[in-house]
Amino acid sequence: MSKNNELVPQSHFCKCCSAPLAIHQSYCPHCGAKRIENRLTAGNLLEDFNERFLNLENGFMRTFLALFKNPKDVIGGYINGTRKKYLSAISYFAISITVAGAYTFIFNEFFIDDIVDFSQSLNPNNTPQETEWGLNFAEGVQKYQSLITFLTIPVLALISKLVFIRNRTFNYIEHLVIWLYTYSHYNIVNIGLSLLVIWSPLATMLLSGLVTLLAIPYTTFVFQQLYSISLEKAILQTLLALLLSGIVLMIIIVVAGGIFYYSGLLDELLEMSNKSQAMTSNFIQQLPCYAL
């Protein structure tokens, strides 16, 4: 028997939840995990990737498309207990963070010089120090995007809960789920489109601004479906929630930034981030050597 077709030792218990398995059972009756018979190969690894992310009848693509057409079916279904039809809120959020991290790495490694040249052409009177400050600020936002997201979603959930306080359909945790799906969906769409024009700083800037504007009517659409309210009421309450969230987040950023700056923690975080980025860059550059 070849190595690729070598069987793994079989167990009468599920490797995920330890529930007992009968010999004929291919899936665990308790948690639904698949019973693995063959050793891991490149072929079944690609098959698993296809099943989880590319298959329209499963996982990511099914959730992604449904959030465009009927977000109530995805978000409301998850809140009400339908957890198998689509990806969970946490899984969708994790994919969003992963996609954002990959985009940041590609952008900083291969396209950052284009942004510098474009910024200088827009502001020819800026000093080199001003240009460098703007570039460092943009890089800082990208590097700490995950942290910013973790701070943003709880604030958005709290504000939207307060704005819709007269309608007691959803509690605070359920508002967290709403924003995990909505924010992640916006983030994935924004990054996916940005990858198509990443070679053009102007197109990237214009597209990002357009997607940001479209996030407002999409969020309105989500709340209108979930709360079954009129379009006018959904628009007013969504705009109020976003406005209040923006004010609260700005206050948090200013206060946290001041604390980090005066305590010296900001310099330590930047140094750690720079070291991490340098290690990643060196590893990527060494990959051809490893392959040889």
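## Helical core and aromatic contacts

Beyond its neighbours within four places in sequence, Tyr92 contacts Phe60, Thr63, Phe64, Leu67, Leu87, Tyr181, Ser184, His185 and Ile188. The model described here is predicted.

**Overall make-up.** The protein has 11 helices and 0 strands, and its elements, read from the N terminus, run α-α-α-α-α-α-α-α-α-α-α. It has 292 residues, of which 33% count as buried. Among contacts with a separation of 6 or more, 62% are between residues 24 or more positions apart. The accessible surface is about 18800 Å², and carbon and sulfur atoms account for 66% of that surface.

**The nonpolar core.** Tyr92 is also among the residues with the most contacts inside the largest nonpolar core, together with Phe60, Leu67, Ile75, Val177, Ile178 and Tyr181; this core has 39 residues. At least two core residues come from each of α2 (59–69), α3 (71–79), α4 (89–110), α7 (145–163), α8 (172–196), α9 (201–227) and α10 (231–263). Helix α8 gives the largest share, 7 residues.

Phe60 lies in helix α2. With a relative accessibility of 14%, Phe60 falls under the 20% limit and therefore counts as buried. Phe60 and Leu87 are 27 residues apart in sequence, while their C-alpha atoms are 6.4 Å apart in space. Both of these residues are in the contact list of Tyr92.

**Helix α8.** This helix has 25 residues, and the distance from its first C-alpha to its last is 36 Å, close to the 36 Å expected at 1.5 Å a residue. Its N-terminal end is capped by Asn171, with a side-chain oxygen 3.2 Å from the backbone nitrogen of Ile173.

**Aromatic pairs.** The count of aromatic pairs comes to 11. Two of them are set out below.

| Pair | Arrangement | Centre to centre | Angle between planes |
|---|---|---|---|
| Tyr78 and Tyr181 | edge-to-face | 6.0 Å | 75 degrees |
| Phe164 and Phe223 | stacked | 4.9 Å | 20 degrees |

Tyr78 counts as buried because its relative accessibility is 16%, and Tyr181 is buried with a relative accessible area of 1%.

Phe164 is buried at a relative accessible area of 2%, and Phe223 counts as buried at 1% relative accessibility.

One aromatic cluster is formed by Phe60, Phe64, Phe68, Tyr78, Tyr92 and Tyr181. Of these, Phe60, Tyr92 and Tyr181 are also among the residues with the most contacts inside the largest nonpolar core.

**A buried serine.** Ser160 lies in helix α7. Its relative accessible area is 0%, so Ser160 is buried. Not counting residues up to four places away in sequence, Ser160 touches His175, Trp179, Phe223 and Ala241. One of these, Phe223, is the partner of Phe164 in the stacked pair.

Notes:
Residues are numbered from 1 along each chain as its sequence is written. This is a predicted model: local features need pLDDT of at least 70, side-chain atom pairs count only at pLDDT 80 or more; totals for chains, interfaces and linings use all residues. Side-chain values use heavy atoms; hydrogens and water are left out. A nonpolar core is a set of buried Ala, Val, Leu, Ile, Met, Phe, Trp, Tyr and Cys residues joined through side-chain atoms within 4.5 Å. Buried means under 20% relative accessible area, exposed over 50%, partly exposed in between (1.4 Å probe, protein chains only). Helices (H or I, at least four residues) and strands (E, at least two) are DSSP runs, numbered from the N terminus. Contact means heavy atoms within 4.5 Å. The expected span of a helix is 1.5 Å times one less than its number of residues. A polar contact is a pair of N or O atoms within 3.5 Å; within protein, one must be able to donate a hydrogen and the other to accept it, and residues adjacent in sequence count only if both atoms are side-chain atoms. Accessible areas come from the Shrake-Rupley method with a 1.4 Å probe; for residues, only the protein chains shown count as cover. Rings of Phe, Tyr and Trp (its six-membered ring) pair if their centres lie within 6.5 Å; planes under 30 degrees apart count as stacked, over 60 as edge-to-face and the rest as tilted.
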